[in-house]
Amino acid sequence: MGKAQRVTILATAALAAAAAVSPAAGGASLKAAGAGAHAESGRAHAESGRAPVASGRAPGASGGRAVRTAARGSTARAFGGGGAAALSLPPWLDCGDGLQCAKLPVPVDWSAPDGPRTEIDLARMPARDPGRTLGALMVNLGDGSTIQAVRARPDTVSELTRWFDVVLVEARGFGDRGSAAMLACPVAQPDPRRLLLAPGERAWRRYARDNAAYDDSCRAAAGPAYDGLASWQVAHDLDAVRAALGEPRLRYLGSSYGAVYGKAYLELFPDTAGRMYLEGGPDHTEAGLERRVTAQARAAERRLFAFRDWCRARRGCPLGHDDAVAVLADLRRRTPLNAGPGHLVKTRRLLAAVYAGLVPERWPQLAQAMSAAREGDAAALAAMADVAAPAPPGTVTGILYCHDFVPDVPSDPLVHAMEARLRKVAPRIGWLAARQELARCLGLPRGVAPSWPPHAPGPRNGPRALVGIGRLDVAAHPAPRIPGTRVLWHGDGSGAYLLQGVSRLRATCLRTRVHNYLVNGVLPERGASCPAELTATL
């Protein structure tokens, strides 16, 4: 019997053992078996209007305990549990760029394991010294394809091969280049930044229409897999990969949305959760929509002041030693600003441009543009607010987020009221966070709860997760509400560990402490922090 056959048999045996688990209804990645039924539902959709986002909630929609109790060990038992060492590895085949690729069959829906199946893409970056590897470390980088991202920038994670076989695990709807697992939505998701430039009911409705078209196109492309695009399913997939690799515990590095998958795994599979490093993920522990947006607004405001401090300390900054916050206030008083013949920059575009430029990598560009605007030419600053129409195909990134996070999106008048409240806590720039964040799920069906809704998890035992939080990260910070975590603060933004790898910053404070935990199990001391090691190089 070949390796591929053994893995398929193991996955098939997993299905019955997972039948008692009751997650979000729905599917996984692409058009798995059952597409005929989807065609019928599509006709009904065309006749009666929008179909619901999901046909049911995950257990624990109003809290995490029910989910954890129902799911504890379900996938682990299905793939061998304590006998995981007897399982066969997928057949790794060379696939270029120093990677070995494989696919693992999983249920489209882990709550209906006898139903359709699909495959998830895996890629392995082998340990430099196979004889001394500590085992597999699974990695998901969040937005987009993890495998394609590592092909493009292998230095993000290649240093980890000093100790581990790095196994890249794709979330549902994503895949390697040319893979059938990579879901292509015929309509790309519109850019929510466009609402920063055109507030008002008419623009709100237009965006809702365009976002609904994106959602419809992903629904049609995914078929019965659409509803299962949620972190509950991805966490089960991670456990299936762990067991198929013969690992007793999941070692994991999750960045951006990959941190949400890691948090779900910690809650659903505490008995097999091993050492994890999570960074830059949105806060899935805060159920209050306005509280999440308020946290983002405050973070954006802090980033503005960090930009000011960086410019003051940087030799040659175009703003010199002037206070960038005061420069922004002066530019705002002088609006409309001249941006060339026939072009004026009004207050809204000015603020949207600065908001866009507060990503640390754009700080030099922002300083130059603000300096030029102060001297009478705001063309470069105005261009920073430009929003290009997204080119198809789209990805399911927006669908995953909305299935996991957002309830009914408020109407435009209610968003205006929220912005007024945010101006009291983030008056300069942070209040813009509301419209951009809420627009992500605008136009999707109303009245249906997220399939894996935000909630505060209950207490857990087992190894702690290390959570990196950047002081320049605009996402809300979930770590204090995730039991059993240790926070490592640092002075950079989201994805700092990965970006330091790309920048060949090997021996940084952040990477040294992350490696010490993943390799040796040594957590940083409580209250530990690292300096801004990326922004220092700008």
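Which residues in α7 meet Thr397, Gly398 and Ile399 in α15? Keep that in mind while we look at the whole chain, which is a predicted model. The protein chain holds 19 helices and twelve strands. Of its 538 residues, 58% count as buried. Among contacts between residues at least 6 apart in sequence, 77% join residues at least 24 apart.

Now back to our two helices. The α7 residues that meet α15 are Tyr214, Asp215 and Cys218. By class, this contact has three nonpolar, two polar and one charged residues. Helix α7 covers residues 201–222 and helix α15 covers residues 397–404; their axes come within 10 Å and cross at roughly 100°. Angles of 65 to 115 degrees count as roughly perpendicular, and α7 and α15 are therefore roughly perpendicular to each other.

Next, follow the backbone. Most peptide bonds are trans, and most residues other than glycine have a negative phi. A cis peptide bond joins Thr335 and Pro336, with omega about 5°, and Pro336 is found in the loop between α11 and β8. The bond from Pro392 to Pro393 is also cis, with omega near 0°.

Asp97, in the loop between β1 and β2, has phi near 60°. Ser256, in the loop between β6 and α9, has phi near 55°. Which of these is buried and which is exposed? Exposed means over 50% relative accessible area and buried means under 20%, so Asp97 at 51% is exposed, whereas Ser256 at 18% is buried.

Note on methods. Residues numbered from 1 in each chain as written. Predicted model: local features only at pLDDT ≥ 70, side-chain atom pairs only at ≥ 80, totals over all residues. Heavy atoms only, no water. Helix = DSSP H or I, 4+ residues; strand = E, 2+ residues; numbered from the N terminus. Buried < 20%, exposed > 50% of the residue type's maximum accessible area, 1.4 Å probe, protein only. Contact = heavy atoms within 4.5 Å. Axes fitted to C-alpha atoms, helices over the stretch in contact; angles between N-to-C directions. Parallel < 35°, antiparallel > 145°, perpendicular 65-115°, else oblique. Nonpolar A, V, L, I, M, F, W, Y, C, P; charged D, E, K, R; others polar.
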